[in-house]
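Have the 3D view open while you read, and click along as we go.

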Amino acid sequence: MAILQKHVKNSSSEFVKSTTESTVFTEAGPLQKEEADDPYWSRSETQLWTVVLLLGTCLLYCARVAAPICAVSMASEFQWGKKESGIVLGSFFWGYCFTQVLGGYVSDRVGGEKVIVMAAVGWGSLLALTPMIAHFSSVPLVSVTLSRFLMGLLQGVHFPSLASLFSQKVRQHERAFISSTVGTGSQIGTLLIGGAGSVLMDWYSWEFVFYVAGLLAVSWAYCIWKHLLKGPIISLETVGVSLVKSKNARIPWKRLFSKPPVWAVIFAHLCTSSTFYTLLSWLPTFFKDSFPEAKGWVFNVVPWLVAIPSSVLGGYLSDHLISLGYETAVVRKLMQFFAMGASSVFTLLLCGTRTFPLAIAFVSAAMGFQTFTHSGVSVNVQDLAPSCAGSLYGVMNTGGALSGVFFVYFSGYVIDTTGSWASVFALMSLVNVVGLVIFLVFAEAERVDIDVSKPKCESIQI
């Protein structure tokens with residue numbers, strides 16, 4: 001009986017400790033909060049934050065795509081060739097890859113929403129100042145490249161912070177739909193900046209695209225801080241708690257990187273990102289070169305208009321299939337099949353396209369199917385390691401950013417050297433197919449951040 005009392009006493013103390021502290025990593029893995037201390041958002045909070053983060057992601061992509069939209073005008077004004085434009089566009093991803101892991105790690109400890117808001121103030125301000133930086137510099141190529149690099153640093157924390165936030169605040173059976181809905185901000189933002197940016201350039205000049213997008217981002221961050229966070233974003237108490245967590249916490253990197261499903265999700269994301277970033281950066285130039293008489297608002301708007309409902313549909317379909325009893329891993333692979341396989345078919349069809357309507361149709365289909373990755377790879381990270389999803393997503397997105405750096409620059413080199421867009425589209429399709437095969441073979445949805453085979457408590461002896 002004495003042994004039983006000692007066990008109950010120890011168990012009680014562990015229970016109190018686990019309900020008053022956040023997730024703690026141990027040798028066996030992380031200790032999760034009990035249901036009595038429900039960490040998840042309520043339904044109303046989930047709806048509010050979904051809208052807020054959707055808008056934030058929208059503005060993030062408005063800022064990110066401002067340079068590709070204005071690339072032709074800027075190249076003409078500053079006398080840049082394809083190689084110089086590729087350096088400017090690709091410099092964003094050099095900065096973007098450096099803060100992924102750091103952003104996820106900090107978000108796991110202080111809260112993803114705080115990191116997102118602080119970063120938005122920085123990249124929004126920098127975007128609004130970019131035209132002045134370009135005009136007042138004696139070497140615009142260097143100054144704009146540096147500006148894009150710094151903006152990449154600041155925007156690099158966004159998606160790891162979202163992954164951390166969703167893993168902590170959203171229940172597993174709701175994550176695919178919410179993740180895909182917030183993810184539509186990338187298409188909505190690209191759509192808005194494509195349409196509004198074209199109008200601003202026609203009515204005023206390319207500089208106004210940067211001014212408007214940057215000021216809107218800063219205004220959004222201010223509203224979130226004023227009405228939702230209500231107080232200092234980082235306080236002494238927050239810093240103290242995060243330091244305690246950092247001291248006691250330990251991310252099981254060795255365990256994670258020993259699991260094939262982790263490498264499968266990283267490699268698949270890298271391949272998907274290479275296609276997406278290359279299309280995002282070079283599509284306006286492709287249409288200008290191939291169909292010079294085409295209206296800019298058409299090719300800058302229509303593909304993203306198709307991608308928005310496709311992303312939401314993918315999230316709904318994913319959660320619905322899981323609710324019907326299909327295995328989570330099977331559903332994730334199905335979504336990624338559409339994201340990488342089906343989209344690659346339409347990317348290949350662009351190689352022989354000679355008419356503008358067909359080119360628009362193929363690009364729209366490719367971008368639409370590609371959004372299914374929000375319900376595949378993006379959510380699969382939270383399946384595999386919910387306790388450190390932000391940090392792992394940071395590693396994964398670093399690989400995606402590096403692929404963006406390489407493919408955006410290399411595409412510019414290939415186009416400038418060969419004058420052929422077909423070779424670029426064929427290469428992107430090949431990379432996507434290889435990534436899809438790896439994901440279909442090795443991907444899983446079971447947790448790998450802890451050893452689920454070990455019992456949670458020792459047997460009781462009387």
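Predicted model: local features only at pLDDT ≥ 70, side-chain atom pairs only at ≥ 80, totals over all residues.

**Notes on the cavities**

1. Who sits around it? Lining the second largest cavity are Val65, Ile69, Thr190, Gly194, Leu280, Leu283, Pro284, Phe299, Asn300, Pro303 and Trp304. The elements that supply two or more of these residues are helix H2 (43-78), H8, H12 and helix H13 (296-323).

2. Which helix gives the most to this lining? That's H13, with four residues.

3. Sort the lining of the second largest cavity by class and you get eight nonpolar residues, three polar ones and no charged ones.

4. The largest cavity has a volume of about 390 Å³, and 26 residues line it. If you want to find its centre, look for Phe159, Thr373, His374, Ser378 and Tyr393, which lie nearest to that point.

5. Two or more lining residues of the largest cavity come from each of helix H7 (158-169), helix H8 (175-203), helix H12 (260-290), helix H15 (356-370), helix H16 (377-384) and helix H17 (389-418).

6. How does the lining of the largest cavity divide into nonpolar, polar and charged residues? There are 12 nonpolar and 14 polar residues, and no charged ones.

7. And how many cavities of 30 Å³ or more are there? The count comes to six.

How values were computed:
Residues numbered from 1 in each chain as written. Heavy atoms only, no water. 1 Å grid on protein atoms, 1.4 Å probe; cavity = no way out; pocket = protein on both sides within 12 Å on 5 of 7 lines; lining within 4 Å. Points joined across faces, edges and corners; volume = space filled by probe spheres on them. Nonpolar A, V, L, I, M, F, W, Y, C, P; charged D, E, K, R; others polar.
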